[in-house]
Amino acid sequence: MAGYRRQLYRDDAVVLRVQKLGESDRIITLLTRRHGRLRAVARGIRRTTSKFGARLEPFGHVDLQLAGDPKGNHGSSLHTVSQVEGIDLYGKRFLGDYPRYTAASAIAETAERLTPVEREPSLRLFQLTVGALKALSRGEHDTTLVLDAYLLRGMALAGWAPALIACAVCGTPGRHRAFSVPAGGAVCPDCRPPGAAHPAPATIDLMSALTTGDWVIADATDTGVRRECSGLVAAHLQWHLERALRSLPLVDRGPSVAGTAPPPGGGGAAMLRPRGDVEAGADGASRERAE
Ligand SMILES: [Zn+2]
């Protein structure tokens with residue numbers, strides 16, 4: 001730490017993950033509004049006298065004062081939390097509600113996966129993540145719909161949106177019946193590769209509605225359509241995350257100190273947890289995270 005001074009700065013953030021560190025500290029993974037994803041140490045948080053223990057639980061939207069180098073030019077990856085105020089502590093509302101808790105976990109895990117490089121600001125992903133947690137906490141829409149809307153829009157921000165209203169291969173407009181994850185979404189009869197799925201037309205419509213935020217259409221769908229949609233969304237996400245992981249070692253060589261950075265993507269090829277009654281996707285999309 002010699003050779004540079006840690007700055008104090010403020011930002012608001014979503015708490016993505018909390019890990020124990022030693023006897024009484026925790027490492028908090030944060031998706032901040034202005035500084036991208038970063039990790040910070042919260043000292044003494046596990047003592048009963050800690051002022052901010054309850055505010056730094058997963059899924060909370062918090063206002064923070066951090067000590068560290070916001071640009072990460074000085075070698076240290078870890079910041080220190082010096083103050084924290086709760087803006088909206090969504091996590092409390094998901095305790096005891098397993099479907100919403102697992103959906104929130106999948107949102108947080110995906111946010112981390114979609115920000116493989118620390119301190120790379122992504123305002124839209126931050127807003128999307130806060131919005132999804134807020135929607136989950138309000139319970140106005142089915143939990144799986146909120147999660148799938150988040151995953152579809154998160155993929156769109158990453159440039160991985162599945163093609164839904166035109167063939168993924170040749171671009172011919174229309175509602176095509178076949179869907180192929182490796183091809184990039186819906187495909188016309190001419191371009192349909194072997195092994196393409198044939199979801200119900202209503203499933204493709206639901207994916208479109210979730211992407212554009214048409215909740216009237218989304219809320220009116222039945223369970224079977226939602227389940228098929230979840231499977232395709234999870235399969236599509238997993239395919240792209242695994243491809244992204246393979247290119248990551250070339251990218252993620254920022255200022256992180258060896259030994260403090262998590263493995264790229266946070267856990268190798270692990271993937272979203274299975275969600276409640278939702279089956280694994282078309283190619284076994286859902287697997288337990290290995291931790
Ligand atoms: Zn085509």
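1. Let me begin with the length of α3. At 1.5 Å a residue, its 16 residues should span 22 Å, and the end C-alpha atoms are 22 Å apart, so the two agree. The expected span here is 1.5 Å times one less than the number of residues in the helix. Helices (H or I, at least four residues) and strands (E, at least two) are DSSP runs, numbered from the N terminus. Just after α3, G139 takes a positive phi of about 65°.

2. A word on the basis of these notes. This is a predicted model: local features need pLDDT of at least 70 and side-chain atom pairs count only at pLDDT 80 or more, while totals for chains, interfaces and linings use all residues. Residues are numbered from 1 along each chain as its sequence is written.

3. Which residues of α3 are buried? They are L125, F126, L128, T129, A132, L133, A135, L136 and S137. A residue is buried if 20 or more other C-beta atoms lie within 10 Å of its own, exposed if 12 or fewer, and partly exposed in between, with C-beta atoms placed from the backbone. The cover over the buried residues of α3 includes β1 (7-21), β2 (25-32), β4, α1 (91-94), α2 and α4 (143-158). Contact means that two C-beta atoms, placed from the backbone, lie within 7 Å.

4. Next, the packing of α3 on α4. The two helices pack at an angle of about 175°, with their axes 10 Å apart, and are therefore roughly antiparallel to each other. On the α3 side, R124, L125, L128, A132, A135 and L136 meet T143, V146, Y150, R153, G154 and L157 of α4. By class, this contact has eight nonpolar, two polar and two charged residues. Ala, Val, Leu, Ile, Met, Phe, Trp, Tyr, Cys and Pro count as nonpolar, Asp, Glu, Lys and Arg as charged, and the others, Gly among them, as polar. Axes are lines fitted to C-alpha atoms, for helices over the stretch in contact, and angles run from 0 to 180 degrees between N-to-C directions. Angles under 35 degrees count as roughly parallel, over 145 as roughly antiparallel, 65 to 115 as roughly perpendicular and the rest as oblique.

5. α4 also meets helix α5 (residues 201-212): their axes come within 8 Å and cross at roughly 75°, which makes α4 roughly perpendicular to α5. L145, D148, A149, L152, R153 and A156 of α4 make the contact with M207, L210 and T211 of α5. By class, six residues of this contact are nonpolar, one is polar and two are charged.

6. Now the sheet. Five strands close into a barrel in the order β1-β2-β3-β5-β4, with mixed pairing. Neighbouring strands of this sheet are turned by 50° against each other on average, direction ignored. Two strands pair if DSSP finds at least two bridges between them. β1 and β2 pair in the antiparallel sense over eight bridges, and R17 has T29 in β2 as its bridge partner. β4 and β5 are antiparallel over eight bridges, with A67 opposite T80 in β5. β3 and strand β5 (residues 78-89) pair in the parallel sense over three bridges, and R39 stands opposite L78 in β5.

7. Two helices lie over these strands. α2 lies across β1, β2 and β3, running at about 120° to β1. α3 lies across β1, β2 and β4, at about 55° to β1.

8. L38, in strand β3, deserves a look. L38 is buried, with 23 other C-beta atoms within 10 Å. L38 and E118 are 80 residues apart in sequence, yet their C-alpha atoms are 5.5 Å apart in space. Not counting residues up to four places away in sequence, L38 touches L30, T32, H79, E118 and R119.

9. Please check two backbone angles. Most residues other than glycine have a negative phi. R119, in the loop between α2 (98-113) and α3 (123-138), has a positive phi near 60° and is buried, with 21 other C-beta atoms within 10 Å. F59 lies in the loop between β3 (36-42) and β4 (60-68); its phi is positive, near 80°, and F59 is buried, with 25 other C-beta atoms within 10 Å.
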